[in-house]
Amino acid sequence: MNSAYNIQKYIPNSLAIGDDECSNAVIYANGINGFGVYMVSFGNLDANEMVYIADSLEAFFVKEEGIDIFINVW
């Protein structure tokens with residue numbers, strides 16, 4: 001996914017870790033809320049457009065932090 005969508009070209013020092021099965025990438029990146037899990041549209045791969053989800057995958061999947069954001073963005 002990282003190479004197919006050139007994610008590092010548009011958001012350097014990031015790593016795509018999944019998607020929402022629609023039009024958004026889920027990435028690890030350093031954004032406005034610091035390093036963490038963010039979502040960004042495949043159609044607008046811009047660090048300024050990333051939406052903060054959680055500090056980590058554990059916080060997101062285990063503690064369900066940011067699940068409301070993930071659902072509302074989708």
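What follows goes from the strands to the nonpolar cores.

Keep in mind that this is a predicted model. Start with the sheet: it is open, has four strands in the order E1-E2-E3-E4, and its pairing is antiparallel. From one strand to the next, the twist averages 40°.

Now look at how the strands are joined. E1 runs antiparallel to strand E2 (residues 24–31), and four bridges hold the pair. Asp19 sits opposite Ala25 in E2. The two strands make a hairpin with four residues between them, and in that turn Glu21 has a positive phi of about 60°. Over at E4, the partner is strand E3 (residues 34–41), paired in the antiparallel sense over three bridges. There you'll find Tyr38 opposite Tyr52 in E4.

On to the packing. Nonpolar side chains tend to be buried together in soluble globular proteins. Here the largest nonpolar core has 11 residues in all, including Ile7, Ile11, Ala25, Tyr38, Phe42 and Met50. E2 and E3 are the elements that give two or more residues to this core, and E2 supplies the largest share, three residues.

Leaving aside neighbours within four places in sequence, Met50 is in contact with Ile11, Ile27, Ala29, Asn30, Gly31, Tyr38, Met39 and Val40.

How values were computed: Residues are numbered from 1 along each chain as its sequence is written. This is a predicted model: local features need pLDDT of at least 70, side-chain atom pairs count only at pLDDT 80 or more; totals for chains, interfaces and linings use all residues. Side-chain values use heavy atoms; hydrogens and water are left out. Two strands pair if DSSP finds at least two bridges between them. Axes are lines fitted to C-alpha atoms, for helices over the stretch in contact, and angles run from 0 to 180 degrees between N-to-C directions. A nonpolar core is a set of buried Ala, Val, Leu, Ile, Met, Phe, Trp, Tyr and Cys residues joined through side-chain atoms within 4.5 Å. Buried means under 20% relative accessible area, exposed over 50%, partly exposed in between (1.4 Å probe, protein chains only). Contact means heavy atoms within 4.5 Å.
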